[in-house]
Amino acid sequence: MNRTDDRLLPVLLICVQAAVWPGAELVRGDVPPASALLVAVLVAGPVTAALALRRARPVVALMLVAAACALGAGPLPVGAMAVLGTAGVALALFTVATERDTFTAVLCVVALAAWQLLQNLSLHGLSDRDGLDLVLTALLYATACGTGLLARRTRRARGTAERMLRRAEAERHRLPAVERRRMERELHDVSAHHLTAVVVTAGAALGLRDRRPELAEKALEFAAETGREVTRALGAVRAPAPSREEPASPEERLRALVAGFRRLDQRVEYESDPLPDGVVADAAYGIVREALTNVARHAPGAATTVRCRYGDTRTEVVVTSAAPPAGAAAYGAGLGSGRGQGFLRSRAREAGGTLTSGPTAEGGWEVRAVLPGRSAAPVEASVPRRYRLAQVTAAVGLCVQPLLPVLVVRSETTSSGSQVSAGVLFALLAAAQAVALLWLRRAPRAAQCVLLGLAPLWPVAMAVGEYTGPVLLPPALGMLATCVALAADADADAGTGTGTGTDTGGDAAVPARGRHPRRPWIIASAAVVVHAVAMSVAVLDRGTELPDWTVPVGATAGVALVMGAARWAGAVRGRRDLAARGAREERIAAWTEEAVRDAWAERRRIAAGLETTVLARAADMVAEAEAGRLDTAADRAREALAAMRALLDTVRAGEPGPNGPELRPQPTLQALDLLARQCRATGREVEIRLTDRVPERLPTAVDLAAYHAAETVLAVGGEEPAVLELDVEGDTLTLTATGVPRAGRPAVRQRLAARVAALGGDLTTEEPGAVRLRLPLAGARVPDQAGRHGHEEGAR
């Protein structure tokens, strides 16, 4: 809401107040005294100004409005502060609840009510000898605060949903590019680390073979071993699958990396703090690997220091190399593709950090990256206890301060008696109902039972306090809280998409959400009976000219109508929220499917070029090394590096590969990592687990069916962390999904059952939020590699 809207509502309140007083007095021909008009102007001005600034300083605005209304309600006649003292204060309380946290809002309501009660103040100038105005005022404050809290929660939920949609839409376009950059970076790292190491080692061995012939044999062994490692690493880059075993910790990976460079006669000192798994650790590993590779390539034998410092606010990764020793030959010179520095900076930037590199004063080179630390993740700021204590102290001080009550000019005094007024009893009952409503979300059934137990006490309070006001008003106030509870219950039932129905997709009917299907209607029927009895007792106790039998009949009909309308309103709201959530999930599912297929097409395009270029030359390098031809093996390594550079140029330019980027291949289980990545981009944690018993190649029909089943289960949405585990027991592939409570819906089960039935498998729902599919492997054909690729690229 902009500033013009903030000023419009206070001006409207002033106009309504002027119409009530002195407008009504002038219509009747009574001219208010000039002193009263002056006081009204002096009160209305600060109230309007404070309400216009209520969003910037909501608590201060509430204090100013309350103080001004209290000063004006005493000397002014009845009705002169009715609108500003009720609607104005309620608006200020509503703003506090929407703009501040729940603790501050509740504290303001309690402090304001206690202040008025202790100081015997009225903010609206209206009074009732039965004390009913106190109940109405408390009800008004509670309603304003509760509505504000609901508006704040709704606004936050809407903002979260909008951010989720924007992030999902952005990831839909970003995932293919991310996959291309990942493969590009991994290809560069593999070529720079492995193939460069072969060239450097072979060059050193060839240069020293006259003096140290044993180095040639070690270089041949290293070239053959590294060539096989290149083939394995490039295969993982080409088609990465979900992890089948527990990955090594970041510290173990870094130590293994440093040990590998030490085997290349590189003097590396390593010192690191333990790093947690995640983006920061991956970025640190990639930066250290690239920096050490550059040292081995351009300054072999130079003393190098690697240090990683992980702190609360930042993580520092520093790789410093000294000047190369005299006479050291840079066998890797000219092997670089010129992308190393760009990859270093991109790694740091993607992790949320920065990177700088340059020469040192001693003639060496230093790479320094500053990455996020422990507190880098966005978390909701917590309020210190000292601040909460200060808030409570200020509220208590404002309640007991004597200055304002002394300044208030009271137009009349009230005598006190020993009898407790009905207003005090009504206030206590209203407070008890408010407390029950606060527990409605955490313990809905207990809160509803408490509300039903409080309903019969309203006629008792009327009799004890000798209430003489409108007879139906107190029972109606008692019924209001129950209507709120019934509406919230209907909203929750309709919002989950379950209501009071059952899941008909399984073998037996399972009550939705684990609740008895008739319990909501039992509670509603009990509420109608209890409140109808309370209202009938109140009317009959006061006395009526109508026949006695018409009172309970009319009360029951009226209460049933009101409570039915409350449940209907709650159900409408719940269905509307469910429809909006369903539409949002459908859009996210469609975007996820499109993003995964685009990324898979990008992966296959690059993999096709990789198979015909780098992998073939890496295989030739292994063959030459095993045949004992070191110089030829080094040449093949250089050719593989050149082919890698050409492939990287093609990837960077986005040129179509042999299969063309326009093809949309059908993803299989190898694309589950893309699916999990896309789901994580929408804010949901998804983990894919493959046991060691799952073979590298599955029958095509089983492979596609398992992927589509995983895609269907994750597409129904949800906020719970999901885990998909694949295992093979005998001749059956088992897919178990946990953390997917919406997968038990009949429509989802029907889609899953159709895919499973086509292969002769079965589908079970063993526990809430878990689905298990069994797909038989027997009888399904495992195609050869070429046939499988053709099927993946042509199927849709």
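Asn-294 belongs to helix H9, which covers residues 279-298. Setting aside residues up to four places away in sequence, Asn-294 touches Ala-299 and Gln-341. Before going further, please keep in mind that this is a predicted model.

Now the overall picture. The protein has 796 residues, and 46% of them count as buried. It contains 24 helices and 12 strands. Take the contacts with a separation of 6 or more: 78% of them are between residues 24 or more positions apart. As for the surface, the protein exposes about 39,400 Å², and 59% of that is supplied by carbon and sulfur atoms.

Next, the strands. I will stay with E2, residues 304-310. Is E2 largely enclosed or open? Of its 7 residues, 5 are buried, so the strand is largely enclosed by the rest of the structure.

E2 pairs with two strands that I want to show. One is E1, residues 268-272, which runs parallel to E2 and is joined to it by 5 bridges. The other is E3, residues 314-321, which runs antiparallel to E2, with 7 bridges between them. E2 and E3 are also connected in a hairpin, through 3 residues.

Ser-272 stands opposite Cys-308. In E3, Cys-308 has Val-317 as its bridge partner. If you find Cys-308 on the screen, you can go from there to Ser-272 and to Val-317.

My last stop is Asp-491, in helix H16, which spans residues 473-495. Is Asp-491 buried or exposed? Its relative accessibility is 19%, and the cut-off for buried is under 20%, so Asp-491 counts as buried.

What does Asp-491 contact, beyond its neighbours within four places in sequence? The list is Gly-570, Ala-571, Arg-573, Gly-574 and Asp-577. Two of these names deserve a further word. With Arg-573, the side chain of Asp-491 makes a polar contact of 3.3 Å. With Gly-574, the C-alpha to C-alpha distance is 4.2 Å, although Asp-491 and Gly-574 are 83 residues apart in sequence.

To recap the stops: Asn-294 in H9, strand E2 with 5 of its 7 residues buried, and Asp-491 in H16. That is what I have for today.

Note on methods:
Residues are numbered from 1 along each chain as its sequence is written. This is a predicted model: local features need pLDDT of at least 70, side-chain atom pairs count only at pLDDT 80 or more; totals for chains, interfaces and linings use all residues. Side-chain values use heavy atoms; hydrogens and water are left out. Helices (H or I, at least four residues) and strands (E, at least two) are DSSP runs, numbered from the N terminus. Buried means under 20% relative accessible area, exposed over 50%, partly exposed in between (1.4 Å probe, protein chains only). Contact means heavy atoms within 4.5 Å. Accessible areas come from the Shrake-Rupley method with a 1.4 Å probe; for residues, only the protein chains shown count as cover. Two strands pair if DSSP finds at least two bridges between them. A polar contact is a pair of N or O atoms within 3.5 Å; within protein, one must be able to donate a hydrogen and the other to accept it, and residues adjacent in sequence count only if both atoms are side-chain atoms.
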